[in-house]
Protein chains: 2
Amino acid sequence: MQNKQWLLASRPVGEPTAQNWTLNETQVREPEAGEVLVKVLYLSLDPAMRGWMNDGKSYIEPVGIGEVMRAGAIGQVVESGDENFSVGDFVHGMLGVQQYATVAGQSLHKVDPALAPLPRYLGVLGMPGMTAYFGLLNTGQPQAGETVVVSGAAGAVGAVVGQIAKLKGCRVVGIAGGKDKCDYLTQELGFDAAIDYKEQDVLSGLKAACPEGIDVFFDNVGGEILDAVLALINFKARIVICGAISQYNNTTPVKGPSNYLSLLINRARMEGIIVFDNAEHYGEAAKEMAGWIAQGKLKAKEHVVEGIDTFPDTLMMLFRGENFGKLVIEVAKPA
Amino acid sequence: MQNKQWLLASRPVGEPTAQNWTLNETQVREPEAGEVLVKVLYLSLDPAMRGWMNDGKSYIEPVGIGEVMRAGAIGQVVESGDENFSVGDFVHGMLGVQQYATVAGQSLHKVDPALAPLPRYLGVLGMPGMTAYFGLLNTGQPQAGETVVVSGAAGAVGAVVGQIAKLKGCRVVGIAGGKDKCDYLTQELGFDAAIDYKEQDVLSGLKAACPEGIDVFFDNVGGEILDAVLALINFKARIVICGAISQYNNTTPVKGPSNYLSLLINRARMEGIIVFDNAEHYGEAAKEMAGWIAQGKLKAKEHVVEGIDTFPDTLMMLFRGENFGKLVIEVAKPA
């Protein structure tokens with residue numbers, strides 16, 4: 001059986017280009033004992049992928065040159081050498097940007113297509129949802145009545161952060177690009193205000209939207225937006241550093257936050273998070289989030305693009321702010 | 001009685017110059033009921049003074065144009081309208097850069113010249129000591145066996161931070177300017193290593209001195225030093241932002257830490273501190289520190305310059321790294 005896969009051909013300098021990728025065709029490898037052959041259905045596209053393309057020490061090994069690009073995905077079991085999985089089962093795992101993956105059964109977990117559309121297991125019910133849940137609640141520690149600001153607010157993580165903050169009784173302000181996204185935040189997700197960074201000055205927008213200052217900031221973007229928020233934080237504010245998508249394709253050094261001394265003036269805290277650290281508590285979080293979804297209190301949107309061939313271009317949608325909701329590639333439809 | 005005082009004449013752009021100050025001569029104001037007239041003996045010179053000269057929101061009101069420059073000081077009571085103070089008492093308070101201060105008795109507290117030389121109440125037994133104690137222990141949370149790095153390590157705060165970290169069983173590395181200061185840190189204060197930022201590349205120096213990475217960083221300096229440390233922090237590291245003396249006289253924006261995403265990779269935390277927040281616990285801290293001093297485990301050095309007339313020049317010693325120990329002006333000798 002043929003397997004089409006995207007390999008990392010070279011490390012990008014700045015924006016990834018066609019030169020950084022090779023589309024490879026190979027034969028599917030048969031599963032050995034304990035392994036499972038999975039047909040990939042939905043690929044998760046995430047800003048973190050840009051970091052995995054770089055060399056150097058990080059929270060996870062870089063993808064090697066010539067290796068299949070790392071990606072979380074939902075797939076369906078085609079052949080199983082692991083008694084815990086049967087042909088036809090739907091699973092989540094790090095399957096990579098390819099049509100078929102032969103992986104250890106232990107690295108997979110089952111998902112139920114009857115409970116939610118499959119792409120949702122890559123969004124609100126997957127890593128982005130867990131990132132939002134633990135990053136906001138454990139590190140941001142929002143209290144009822146406080147003002148919570150989130151950047152990348154219409155993205156897979158940001159939209160969940162804002163909705164959970166509303167559930168906790170906070171005033172919630174989102175920063176996103178474009179009128180459609182801003183309208184979605186305020187009209188469909190219940191945000192108190194949204195700032196369109198493409199049309200408005202973010203600092204002025206935040207001043208107007210946060211008359212009592214900012215207590216919690218959940219940052220997916222970095223750059224100028226982080227500096228604008230720092231100028232408006234309150235005493236003992238918490239800034240959760242989840243990402244900095246505005247800086248990932250820089251060819252110059254990352255823009256450090258000039259206003260970081262606002263942390264001193266306000267005795268505030270800036271702290272980084274990685275979702276994997278909470279792995280042992282995913283179950284509890286998923287249960288609580290599923291409850292909110294069932295009650296209509298937590299909504300989700302996926303942006304599905306068809307075809308594995310589109311991968312290099314589709315990935316760039318993230319950095320151009322062109323996705324609206326969790327970005328997913330449909331590699332194949334479920335059987 | 002004549003009172004010589006330094007007034008803030010204008011707000012500096014970049015380094016304070018002679019134009020920013022007026023030397024004023026006025027008459028001492030007699031104390032009313034509840035007030036005390038204090039003769040100023042020792043003035044505390046602190047990096048934070050540069051911030052008080054700026055306009056704009058901060059953790060404390062700026063000094064107004066035409067007002068006496070704010071300064072902590074040790075003085076001696078000359079006349080008292082407060083039954084809690086008698087003529088001859090030695091006191092600490094925010095007396096300002098002047099020869100005499102007429103202030104509310106409630107704003108003063110007594111110090112005992114029999115227990116320590118008076119300038120020491122402006123250093124290890126004063127705000128710098130408290131800053132080091134609470135900033136390191138409450139916010140840095142050093143654990144035995146961890147590596148603690150401190151910048152401005154030969155300064156009033158830094159030297160105390162390093163010694164307390166040693167008392168807590170940590171490996172301690174100081175960053176300071178010049179061989180004399182570095183020798184002092186390692187030979188007299190017991191630091192494990194010292195890096196001379198004037199002679200060495202700080203990043204290479206830190207790599208060599210911190211083979212197991214950095215768990216706690218207590219930063220008084222900011223700029224390139226903060227970035228070098230961020231490149232070497234460990235999982236769950238704590239960065240205490242106490243100051244950024246390298247940036248206070250900037251005419252360009254503050255250099256934000258380019259490497260701040262190391263907080264994300266390492267799930268680390270950066271947090272600002274202001275000593276005043278711990279005011280209700282100063283007593284306990286002073287008691288513990290006095291014990292360490294008595295046991296010879298906590299040493300202190302003051303750098304005393306004579307004469308209030310030198311104030312504008314003496315202040316600049318801080319920003320040029322020319323002081324060696326807590327910088328104090330002797331305005332008058334005790335009676």
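Figure 1. Is B:E35 buried or exposed, going by its relative accessibility? With a relative accessibility of 15%, B:E35 counts as buried. This is a predicted model, and here B:E35 forms a salt bridge with B:R29, with the closest N and O atoms 3.0 Å apart. B:R29 itself is partly exposed, at a relative accessible area of 41%. Over in chain A, salt bridges that share partners link A:R29, A:E32 and A:E35 into one network. As a bit of background, side chains of opposite charge can pair when their charged atoms come close.

Figure 2. The whole structure, over all chains, has 30 salt bridges. One of them pairs B:R11 with B:D55, whose closest N and O atoms are 3.9 Å apart. B:R11 sits in the loop between strand 1 (2-8) and strand 2 (21-27) of chain B, and B:D55 in the loop between helix 1 (48-52) and strand 4 (72-80), so this pair ties together parts that are 44 residues apart in sequence. B:R11 is partly exposed, with a relative accessible area of 26%, while B:D55 is exposed, at 58%. Then there's the salt bridge between the side chains of B:K255 and B:D227, at 2.6 Å from N to O. B:K255 belongs to the loop between strand 12 and helix 7 of chain B and B:D227 to helix 6 (residues 224-230), so parts 28 residues apart in sequence are tied together. Here B:K255 is partly exposed, with a relative accessible area of 25%, and B:D227 is buried, at 8%.

**Figure 3. How chain B and chain A are related.** Take chain B, turn it by 180° with a shift of 0.0 Å along the axis, and it can be laid on chain A with an RMSD of 0.0 Å. That's the relation of a two-fold axis. The same surface serves both copies, as 100% of the contact residues of chain B recur in chain A. Which residue of chain B comes closest to the rotation axis? That would be B:G256, whose C-alpha is 2.1 Å from the axis.

**Figure 4. Where chain B touches chain A.** At this interface, 35 residues of chain B are in contact with 35 residues of chain A. The two chains bury about 2,700 Å² between them, and 62% of that is on carbon and sulfur atoms. B:Y260, B:L264 and B:R267 supply 25% of the area that chain B buries against chain A, more than any other three residues. Two salt bridges cross the interface, including one between B:D277 and A:R267, with the closest N and O atoms 2.6 Å apart. Between the chains there are also seven residue pairs in polar contact. On the chain B side, strand 12 (233-241), helix 7 (262-265) and strand 13 (269-272) are the elements that give two or more residues. Strand 13 of chain B gives the most, with four residues. Sorted by kind, the chain B residues on this side come out as 20 nonpolar, eight polar and seven charged.

**Figure 5. Helix 3 of chain A, tucked inside.** Eight of the 10 residues of helix 3 (residues 158-167) of chain A are buried, so this helix is largely enclosed by the rest of the structure. Among those buried are A:V160, A:V161 and A:I164. What do the buried residues of helix 3 of chain A pack against? Their neighbours are helix 2 (127-140), strand 8 (147-151), strand 9 (171-176), strand 11 (214-219) and helix 8 (282-294) of chain A. Just after the helix, A:G169 takes a positive phi of about 85°.

**Figure 6. A close look at A:S44.** A:S44 lies in strand 3 (residues 35-44) of chain A. A:S44 is buried, with a relative accessible area of 4%. The side chain of A:S44 makes a polar contact with the side chain of A:D46, at 2.6 Å. Beyond its neighbours within four places in sequence, A:S44 is in contact with residues including A:M49, A:L122 and A:K326.

**Figure 7. Two non-glycine residues with positive phi.** A:Q141 isn't a glycine, yet has a positive phi of about 45°. A:Q141 is found in the loop between helix 2 and strand 8 of chain A, and is partly exposed, with a relative accessible area of 37%. A:K236, also in chain A, has a positive phi near 65°. A:K236 lies in strand 12 (residues 233-241) and counts as partly exposed at 41% relative accessibility.

Notes: Residues are numbered from 1 along each chain as its sequence is written. Chains are lettered from A and ligands numbered from 1 in the order in which they are written. This is a predicted model: local features need pLDDT of at least 70, side-chain atom pairs count only at pLDDT 80 or more; totals for chains, interfaces and linings use all residues. Side-chain values use heavy atoms; hydrogens and water are left out. Copies are superposed by least squares on the C-alpha atoms of residues with pLDDT of at least 70 in both. Contact means heavy atoms within 4.5 Å. Buried means under 20% relative accessible area, exposed over 50%, partly exposed in between (1.4 Å probe, protein chains only). A polar contact is a pair of N or O atoms within 3.5 Å; within protein, one must be able to donate a hydrogen and the other to accept it, and residues adjacent in sequence count only if both atoms are side-chain atoms. Buried area is the accessible area (1.4 Å probe) that two parts lose on being put together, summed over both. A salt bridge is a side-chain nitrogen of Lys or Arg within 4 Å of a carboxyl oxygen of Asp or Glu. Ala, Val, Leu, Ile, Met, Phe, Trp, Tyr, Cys and Pro count as nonpolar, Asp, Glu, Lys and Arg as charged, and the others, Gly among them, as polar.
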